[in-house]
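Hello,

Please find the structure we discussed below. My notes on it follow.

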Amino acid sequence: MQLDLFAAVLDEYLQSGSLSNESLYAHLGRAGAVQPAAFAQRTAIGASGEQHSPAKRRVRWIQQTLKAMGLIERIPQQRGVWRATTKAKADLTPAQPKVVLLGFHTELGIGIWGNAVDVLNRIDEPVSLFLTSPPYALRQPRAYGNPSQQAYVDFITSTLEPICRTLAPGGVVALNVSNDIFVEGSPERSTYREELVLAIKSRCGLALMDSLIWLNPCKPPGPIQWASKQRMQLGVAYEHVLYFTNDPHRCKADNRRILQPHTPAQRRLIERGGENRTAVNADGAYRIRPGSYGNATAGSIQRNVLNVSHNCPSQRALRAKTDALGLPRHGAVMPLKLARMLVEFFCPPGELVVDPFAGSFTTARAAEDTGRRWICGDKHLEYVLLGQHRMQPAVA
Ligand SMILES: C[S@@+](CC[C@H](N)C(=O)[O-])C[C@H]1O[C@@H](n2cnc3c(N)ncnc32)[C@H](O)[C@@H]1O
């Protein structure tokens, strides 16, 4: 696959300091990235019919891409000898603007290395679900970079613009965003989320369906200054999943796809034919009659508070795999259980899910597991490589 070889070539430069082309071919052969015999094979290429090695040409094409991306440079006065640049030695390798590379594919989807806008601009089929956790507006940025609070609304709405053009009628745009953004130096919460909702409505023409609460009982304690020290805030425990659509009456979300098992008390009520009393509650807003709640149903409707801990087996398996591969750990992984629930609720089977801020490719994994097609991408090469391994059954 294109990205495997790309990563292998970059890795050789990072490991070796400097390399001539012939040593690079030998290293790639030893590392198993290319069959050594492939470098010896020649075929006629071009109008002149001259004999060339397709494997060497592929490697040199990657070399030129790495050069264009500023990740390798020629060593002065040494013909054909290259080395990794300081930029390449950073932990995370960002994609260049407008450069989009296929990282890997599965039966149902493709993983792409590229900037969100560039990935989204290339999608030309109807998207049923755009589900993502964009980088949050954090003051202390994560390793992968975060937009400022001031730039946040523009960052999100400009990312959404291309997707709004391809969103299927009733398609869903779901954004997992933080509730814990504070005005600098103050216990006052930022109203960026409210501003974001209004901007998505006015600039992108999308209607807000709900702001689901993702209750995460394992969320690290915070905000330290305002809850643990000054005591004027409560400890944080949730984030939002805002969901929008371009056509509320045709919205593709369907709670029958995520019905929850009845509780023992509900089962007992159904078995005995429902209520056997009459009551009027809340000034007539709720009425109970004999037989109320007695219909046998396939399950209970999921409430709009989703209680899912981020400390789950899928996260542990992913961390172990990341360490084994020597890749940087991703600092903001969504629990797979939550992603599955959201994908199933928002998107009918077989339709297309998109996540351009894919991180460790949790959305992709959830879509693959539940039979939805998907296109997911991330700006950082290392996360795309991680995503490729995320598709193995054992890392679910
Ligand atoms: C909050 S994380 C997503 C985590 C993901 N939901 C998961 O479960 O792993 C945001 C991701 O967006 C990526 N990112 C940041 N800016 C980007 C951009 N302009 N285009 C594409 N990806 C970007 C970061 O590399 C990071 O992996």
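**Aromatic pairs**

Tyrosine 25 has a relative accessibility of 4%, so this residue counts as buried. Keep in mind throughout that the model is predicted. Phenylalanine 39 is buried too, with a relative accessible area of 8%. The cut-off for buried is under 20% relative accessible area.

There are 9 aromatic pairs in the structure. Tyrosine 25 and phenylalanine 39 make up one of them. Their ring centres are 5.0 Å apart, the planes stand at 35° to each other, and the pair is tilted. What does this pair tie together? Tyrosine 25 sits in helix H2 (residues 21-31) and phenylalanine 39 in helix H3 (residues 36-40), so the contact links parts that are 14 residues apart in sequence.

Phenylalanine 345 and phenylalanine 346 also pair. Their centres are 5.0 Å apart with 35° between the planes, so this pair is tilted. Why tilted? Planes under 30 degrees apart would count as stacked and planes over 60 as edge-to-face, so an angle in between is called tilted. Phenylalanine 345 is buried at 13% relative accessible area. Phenylalanine 346 is buried at 0%.

One aromatic cluster is made of Phe104, Phe361 and Trp374.

**The chain overall**

The chain has 396 residues, and 48% of them are buried. Its secondary structure amounts to 13 helices and 16 strands. Along the principal axes, the C-alpha atoms fill a box of roughly 90 × 50 × 40 Å. Take the contacts with a separation of 6 or more: 66% of them join residues 24 or more positions apart.

**The sheet**

An open sheet is built from 9 strands. Their order is S6-S7-S16-S15-S8-S9-S11-S10-S14, and the pairing is mixed. Which strands are at the edges? They are strand S6 (101-105) and strand S14 (305-307), and each pairs on one side only. On average, neighbouring strands in this sheet are turned by 20° against each other, direction ignored.

Helix H6 (residues 149-166) packs on the sheet. The helix touches strand S8 (127-132), strand S9 (167-177) and strand S15 (352-355). Its direction makes about 155° with that of S9. Helix H7 (residues 192-204) lies across S9, S10 and S11. H7 runs at about 10° to S11.

Some strand pairings, one by one:

- S8 and S9 are parallel, with 5 bridges. Threonine 132 has leucine 175 in S9 as its bridge partner.
- Strand S10 (residues 207-215) and strand S11 (residues 238-245) are antiparallel, with 8 bridges. Tryptophan 214 has glutamate 239 in S11 as its bridge partner.
- S6 and strand S7 (residues 109-113) are antiparallel, with 4 bridges. A hairpin of 3 residues joins S6 to S7. Leucine 102 is opposite isoleucine 112 in S7.

Is S8 covered or open? S8 is mostly covered, as 6 of its 6 residues are buried.

**Isoleucine 110**

Isoleucine 110 belongs to strand S7. Its relative accessible area is 32%, so it is partly exposed. What does isoleucine 110 touch? Leaving out residues up to four places away in sequence, isoleucine 110 touches Leu102, Phe104, His105, Trp374, Ile375 and Cys376. Two of these names, Phe104 and Trp374, belong to the aromatic cluster. Alanine 364 is 254 residues from isoleucine 110 along the chain, yet their C-alpha atoms are separated by 8.6 Å.

**The ligand**

There are 20 residues around the ligand. Which of them come nearest? They are His330, Ser360, Thr362, Asp378 and His380.

- A polar side-chain atom of histidine 330 is 2.7 Å from a ligand oxygen atom.
- A polar backbone atom of alanine 116 is 2.8 Å from a ligand nitrogen atom.
- A backbone N or O atom of lysine 379 is 3.2 Å from a ligand nitrogen atom.

Best wishes

Technical notes. Residues numbered from 1 in each chain as written. Predicted model: local features only at pLDDT ≥ 70, side-chain atom pairs only at ≥ 80, totals over all residues. Heavy atoms only, no water. Pairing = 2+ DSSP bridges. Helix = DSSP H or I, 4+ residues; strand = E, 2+ residues; numbered from the N terminus. Axes fitted to C-alpha atoms, helices over the stretch in contact; angles between N-to-C directions. Contact = heavy atoms within 4.5 Å. Phe/Tyr/Trp six-rings, centres within 6.5 Å; stacked < 30°, edge-to-face > 60°. Buried < 20%, exposed > 50% of the residue type's maximum accessible area, 1.4 Å probe, protein only. Near = heavy atom within 4 Å. Polar contact = N/O pair within 3.5 Å; in protein donor to acceptor, adjacent residues only side chain to side chain.
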